[in-house]
Amino acid sequence: VCLAIPAHAQQSTELPPLTVQGATLEGQRPRTLARPAGQAQPAPAAAPATPAASDETVLGVPADTIGNAVTVITGDDLRRQQVRTAAEALRGLPGVSVGHSGGIAGFTQVRIRGAEGNHTLVLIDGIVANNTGDGEFDFSSLAADEIDRIEIIRGPMSGLYGSNAVGGVVNVITRRGNGPLSARIQTEIGSLSTKSYNGRIAGGNDKANLSVAYQWRDTN
């Protein structure tokens with residue numbers, strides 16, 4: 001037994017052209033959508049308004065749009081918390097483990113997300129600072145006084161920076177000289193025969209800048 005089912009006539013309805021930032025894409029075949037007969041065709045959607053041009057250039061990427069976990073520690077945070085070294089600044093961050101041996105000058109390495117110390121790429125002002133022999137970096141000698149900010153990317157970045165960045169990247173940006181040439185000397189004395197001396201000469205303008213710093217610390 002065959003049941004005859006009446007066929008409904010259908011007509012193709014052309015969709016409005018795709019518009020991206022006010023410019024209609026050319027050379028694309030218009031897509032069609034089958035719509036039952038007798039149904040009213042919707043009016044074409046209005047093209048979005050083109051954003052006005054701006055002379056201001058926006059640099060950087062919003063942190064919430066990055067797929068990896070990123071943490072930024074500013075120099076103001078370091079000085080407010082009286083952090084002495086970069087290793088102290090990284091200690092306690094989620095996914096970051098700091099290993100230290102011996103006294104304040106003992107070898108210090110940073111592991112990110114369980115990777116080895118030679119899988120943490122360290123950049124200082126854009127220059128790779130890892131040891132070329134074993135790929136390690138000793139954080140014990142990296143003082144925090146001359147750091148402008150530290151950017152930590154947790155997660156494999158080997159596709160961008162090589163095999164040294166399997167665990168993550170620590171990007172250190174140092175302070176730049178600004179304003180008239182000036183000098184600063186600071187001395188600290190504490191318990192356990194702890195002594196600290198540091199000095200800085202800095203200055204600069206839009207064309208050139210200079211920053212020279214020295215620090216010495218000793219404790220029993």
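Asp148 has a relative accessibility of 33% and counts as partly exposed, a class that lies between buried (under 20% relative accessible area) and exposed (over 50%), as computed with a 1.4 Å probe on protein chains only. The model is a predicted one, in which local features need pLDDT of at least 70 and side-chain atom pairs count only at pLDDT 80 or more, while totals for chains, interfaces and linings use all residues. Residues are numbered from 1 along each chain as its sequence is written, and side-chain values use heavy atoms, with hydrogens and water left out.

Arg149 is itself partly exposed, at 31% relative accessible area. Arg149 also pairs with Glu151 in a salt bridge, where the closest N and O atoms are 2.9 Å apart. Glu151 is partly exposed too, with a relative accessibility of 22%. Through shared partners, the salt bridges join Asp148, Arg149 and Glu151 into one network.

Another pair to look at is Arg111 and Glu116, which form a salt bridge with their closest N and O atoms 3.8 Å apart. Arg111 counts as partly exposed at 28% relative accessibility, and Glu116 falls into the partly exposed class at 43%. In total, the structure holds seven salt bridges, and those described here are among them.

Note on methods: A salt bridge is a side-chain nitrogen of Lys or Arg within 4 Å of a carboxyl oxygen of Asp or Glu.
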